Amino acid sequence: MLRKHFRFTVLILLVTISGFTQGMLLPLIAVILEQSGISSSINGLHATGLYIGVLIASPFMEKPIRNIGYKPMIMLGGALVFISLLFFPFWESLWFWFMLRVTIGIGDHMLHFGTQTWITSTSPENKRGRNIALYGVFFGLGFTLGPLMTRLVSIHISLPFLLSAAFSVIVWSLMFLVRNEIPEEDEEYSTSSNSFKRFAKAWQYAWVAFLPPLGYGFLEATLHGNFPVYGMRIGHDVDTLSLIIPTFAAGSLISQLPLGILSDRIGRKKVLVSVMLSGIVCFGLASFYEQSVTWLIILFTLAGIFVGSIFSLGISYMTDILPKSLLPAGNIMCGISFSVGSIIGPYLGGVYIDLFPDASFFHVITTMLIILVIPILLKKEKPPHNQKSLSPAQ
């Protein structure tokens, strides 16, 4: 029991430092490139490197983790992250930094895939929502603290990269104390070893559970990538926007654990539908009160409390639906869905701002949430896979 608690603690610490690294890189590199005279459009495209890395790595991770186990996968991913961080100060080149971002995306996804699958596979059903919620809380905590490193650029441009790499190495080294395990296999896996067939099967069974991670990726990317541009166009200054935007992440930290525990008790679908409908109301109200800083802070915080947890709730929902043999493929699909949302979000948001300059930016977010909540609402409830033989979702 103590060994399991220690392993869970180390996995949570790894997720925290991963969130810290991602939260640092987005604003840090944007500031450095802006100060170097790089255009905002190139700056935005540069930020997609992380998510491109995730998409590149995703189809090729399931089989290795079944062969080598969770620990080597996590350690290799962590090593790619901190080694890439150490290389940033060596050469300030746009394309070199883009490739480092892609590499960090690959390493981060390996780390997340390993930790996420390990937690979902070993958590008892009555604590699954709680454990995944803790996963989301500590990633969010790291993501919230990461941008503070941007201030260190004024001391030396290399300092944030080196400090983040040092933090990563310290936490990564704890994995040497954790015993390796290999994902559970069954007859179904031995007769279907083709990863792409397994992705298709996971999609067939649990496609509805991949919509919340896609929605969260869309939300996170548009709020961080598009809203600052829109906010300045409607008259808010940079200091004000830097105060408003983090309140969404702060709200998600408040609610992750309570919502995870609640979903264990009353069901994942009920909680997902409730929070997404509440998020639609919050962003809908924001379109009417977007000139008020006070109201934006209140509504962003409430929106974070509600929809800031849909990624972790989606993972728990997916785990309820899929048999254990398909959990690695399912976790990969969650990562892919998040990345797709993160890539299309800023693009669609930017196009909307250009085409409809007089319309509220928040209409983009409410429309996306409505599109995603309808299939979840209409999805027929079925007993969890461990209670009844699974049949594909219709």
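**Helix contacts, a surface patch and a salt bridge**

H14 passes H16 in a right-handed crossing. The model is predicted.

Reader: At roughly what angle do the axes of helix H14 and helix H16 cross?

Author: Two packed helices are described by the angle between their axes and the distance between the axes. Here helix H14 covers residues 246-266 and helix H16 covers residues 293-307. Their axes come within 6 Å, and the crossing angle is roughly 35°.

Reader: How many charged residues are in the contact of H14 with H16?

Author: On the H14 side the contact includes Phe248, Ile254 and Leu259. On the H16 side, Phe300, Ala303 and Val307 are among the residues that take part. By class, the contact has nine nonpolar and six polar residues, and the number of charged ones is none.

Reader: Which helix gives the largest share of the nonpolar patch?

Author: The patch lies on the surface and has about 690 Å² of accessible area together. Its members include Leu55, Tyr347, Leu355 and Phe356. Leucine 355 lies in helix H18. Six residues of the patch, the largest share, come from residues 327-355, which is helix H18.

Reader: Which residue forms a salt bridge with glutamate 181?

Author: The count of salt bridges comes to three. In the one with glutamate 181, the closest N and O atoms are 2.8 Å apart. Glutamate 181 is in the loop between helix H8 and helix H9, and its partner, 174 residues apart from it, is in helix H1. That partner is arginine 7.

Terms used:
Residues numbered from 1 in each chain as written. Predicted model: local features only at pLDDT ≥ 70, side-chain atom pairs only at ≥ 80, totals over all residues. Heavy atoms only, no water. Axes fitted to C-alpha atoms, helices over the stretch in contact; angles between N-to-C directions. Helix = DSSP H or I, 4+ residues; strand = E, 2+ residues; numbered from the N terminus. Left-handed = near helix turned anticlockwise from the far one by under 90°. Contact = heavy atoms within 4.5 Å. Nonpolar A, V, L, I, M, F, W, Y, C, P; charged D, E, K, R; others polar. Patch = residues over 30% accessible without salt bridge, like charges linked within 9 Å, V, L, I, M, F, W, Y side chains within 5 Å. Areas by Shrake-Rupley, 256 points an atom, 1.4 Å probe, with all protein chains shown as cover. Salt bridge = Lys/Arg side-chain N within 4 Å of Asp/Glu carboxyl O.
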